[in-house]
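Trainee: Could we go through this structure together? I would like to begin with one residue and then turn to the chain.

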Amino acid sequence: MFDRTRAIAPPLTNAGSVLTISATQIPWSNMRNMKSFWACALLAGSGLLTWAPSGRAQVATTDAERKPGLAVCYMYRLIRHVDEIATWQKSIKCEPGAPLAKLDFDGGSGKVLTSNAADGVMARITGFIHLDKAGAYKFAFESNDGVRLRIDDKMIVEDPGVHDDQFSDVGTMEVAKPGWYPLSIDFFERRITWTLRFLWRPPGVEGDLSPVPAGVLAH
Ligand SMILES: [Ca+2]
């Protein structure tokens, strides 16, 4: 289900070169032959489908290029559901903040994460998580307010509305091939106090879920 080849998107430069080569390899003499033109166009299209990144915010990086912690950007509105974060980003700029080493915060009434405000904050958190064993990983949050986790472009767990500190349901990700997987977390704080704890239990581990450690997060 979680194929490593999908987890590691090609660098954008590769996608760009495929696009350029595909376009320039169509000989002009063939352009006058519409059958050949459309055959080339279909070939170019199939190449793009194979190589184009799947719309994720991150570009795959090598181990050397990967930096510790998760990237984050912020928007400022009073919302009530995590769905509104993607909607707002179509019309307002998401302002980058200092990266987050890990997500284990009981923020109280203070400023949210590394943003500039204590209320009305939307955070889009992106990066990679290292899942170093095959098997079932369990994920959950303690949050206030709403939160949603996607790994490898699949929704794993969410607790999307306005609420006091509470634990989400537990989501499961079956990992077939160990490695770095792209991750995104949408989170918002509406009013008063906020909390954000990202919890997991790797395969083979007993007991309660515990905070995801900084060493397995990168961007
Ligand atoms: Ca709150």
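Trainee: Which residues does valine 216 touch, leaving aside those up to four places away in sequence?
Mentor: Valine 216 touches Ile129 and His130; two residues are in contact if their C-beta atoms, placed from the backbone, lie within 7 Å. This is a predicted model, in which local features need pLDDT of at least 70, side-chain atom pairs count only at pLDDT 80 or more, and totals for chains, interfaces and linings use all residues. Residues are numbered from 1 along each chain as its sequence is written.

Trainee: Where does valine 216 lie?
Mentor: Valine 216 is in the loop between strand E12 (210–211) and strand E13 (217–218). Strands (E, at least two residues) and helices (H or I, at least four) are DSSP runs, numbered from the N terminus.

Trainee: Why does valine 216 count as partly exposed?
Mentor: Because valine 216 has 15 C-beta neighbours inside 10 Å. A residue is buried with 20 or more other C-beta atoms within 10 Å of its own, exposed with 12 or fewer, and partly exposed in between, with C-beta atoms placed from the backbone.

Trainee: Changing topic, how many helices and strands are in the chain?
Mentor: The chain has 5 helices and 13 strands.

Trainee: What share of the chain is buried?
Mentor: Of its 219 residues, 28% count as buried.
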